[in-house]
There are 2 protein chains.
Amino acid sequence: MPEFMDVHHNMKGITADQLHEAHQADLAIERDEQVHFKQAWADPESGVVYCLSEAPSAEAVQRIHERAGHKADEVHPVPLSV
Amino acid sequence: MPEFMDVHHNMKGITADQLHEAHQADLAIERDEQVHFKQAWADPESGVVYCLSEAPSAEAVQRIHERAGHKADEVHPVPLSV
């Protein structure tokens with residue numbers, strides 16, 4: 001399954017609890033689109049959040065994020081990794 | 001050890017071999033700064049590369065990337081992760 005990295009900006013001040021809740025909201029519905037959110041990282045100071053997923057398409061990733069209430073600002077396929 | 005996500009833009013057309021070589025160049029010298037580059041992901045089409053590391057500081061991450069020949073455009077601490 002292809003991997004994607006998506007990016008959310010403007011999340012300044014995000015807490016560990018809020019990141020956890022947002023991730024759980026994705027996990028709760030991700031199967032509807034055959035997406036799996038594997039990991040997420042946040043910088044509360046600059047307000048950037050990165051999410052790594054496996055999914056059939058960038059659009060599928062975005063649909064889950066939108067339904068969970070946090071549309072991504074960017075979704076990049078990352079076909080290469082080390 | 002704190003985690004960091006750094007971002008390189010303008011890497012359009014990067015190949016799997018080039019990503020591997022760049023990562024190996026970081027690994028070869030990372031101990032000089034107590035940095036460890038854990039994973040990296042690349043999108044050859046948009047030219048963005050994300051690198052996840054553990055390091056004492058963002059400056060240490062950048063010093064290794066600069067010495068390896070590929071200065072990052074952004075280095076973000078990511079104290080929160082799920």
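How many bridges join strand β1 (residues 3–8) of chain A to β4(A)? I counted four, and the two strands run antiparallel.

**Ground rules.** I am looking at a predicted model, where local features need pLDDT of at least 70, side-chain atom pairs count only at pLDDT 80 or more, and totals for chains, interfaces and linings use all residues. Residues are numbered from 1 along each chain as its sequence is written, chains are lettered from A and ligands numbered from 1 in the order in which they are written, and side-chain values use heavy atoms, with hydrogens and water left out.

**Sheet one.** I kept going along the strands (DSSP E runs of at least two residues, numbered from the N terminus, as are helices, H or I runs of at least four). For pairing I wanted at least two DSSP bridges between two strands. In β4(A), Phe4(A) has Pro77(A) as its bridge partner. The open sheet here has five strands in the order β4(A)-β1(A)-β3(A)-β2(A)-β5(B), paired antiparallel. I noted that β4 (74–77) of chain A and β5 of chain B stand at the edges with a single partner strand each, so one side of each has no neighbour in the sheet.

Next I looked at the helices; angles run from 0 to 180 degrees between N-to-C directions, with axes fitted to C-alpha atoms, for helices over the stretch in contact. Contact means heavy atoms within 4.5 Å. Helix α1 (residues 16–29) of chain A lies across β2 (36–43) and β3 (48–54) of chain A together with β5 of chain B, at about 160° to β2(A). Helix α2 (residues 58–67) of chain A lies across β1, β2, β3 and β4 of chain A, at about 45° to β1(A).

**Sheet two.** I found another open sheet of five strands, in the order β5(A)-β2(B)-β3(B)-β1(B)-β4(B), with antiparallel pairing. Its edges are β5 of chain A and β4 of chain B, each with a single partner strand, so one side of each lacks a neighbour in the sheet. Here α1(B) touches β5 of chain A together with β2 and β3 of chain B, and its direction makes about 160° with that of β2(B).

Where do the chains join up in this sheet? Strand β5 (residues 80–81) of chain A pairs with β2(B) in the antiparallel sense over two bridges. I also saw that Leu80(A) has Ala42(B) as its bridge partner in β2(B).

**Between the chains.** I looked up the contact and got 28 residues from chain B and 28 residues from chain A. The buried area (accessible area, 1.4 Å probe, lost on putting two parts together and summed over both) is about 2100 Å², with carbon and sulfur atoms giving 71%. In chain B, Trp41(B), Leu80(B) and Val82(B) lose the most area to chain A, together 35% of what that side buries.

**Salt bridges.** I used a side-chain nitrogen of Lys or Arg within 4 Å of a carboxyl oxygen of Asp or Glu. Arg67(A) is in helix α2 and Asp32(A) in the loop between α1 and β2 of chain A, so the pair ties together parts 35 residues apart in sequence. I also noted Lys38(B) with Glu3(B), the closest N and O atoms being 2.6 Å apart.
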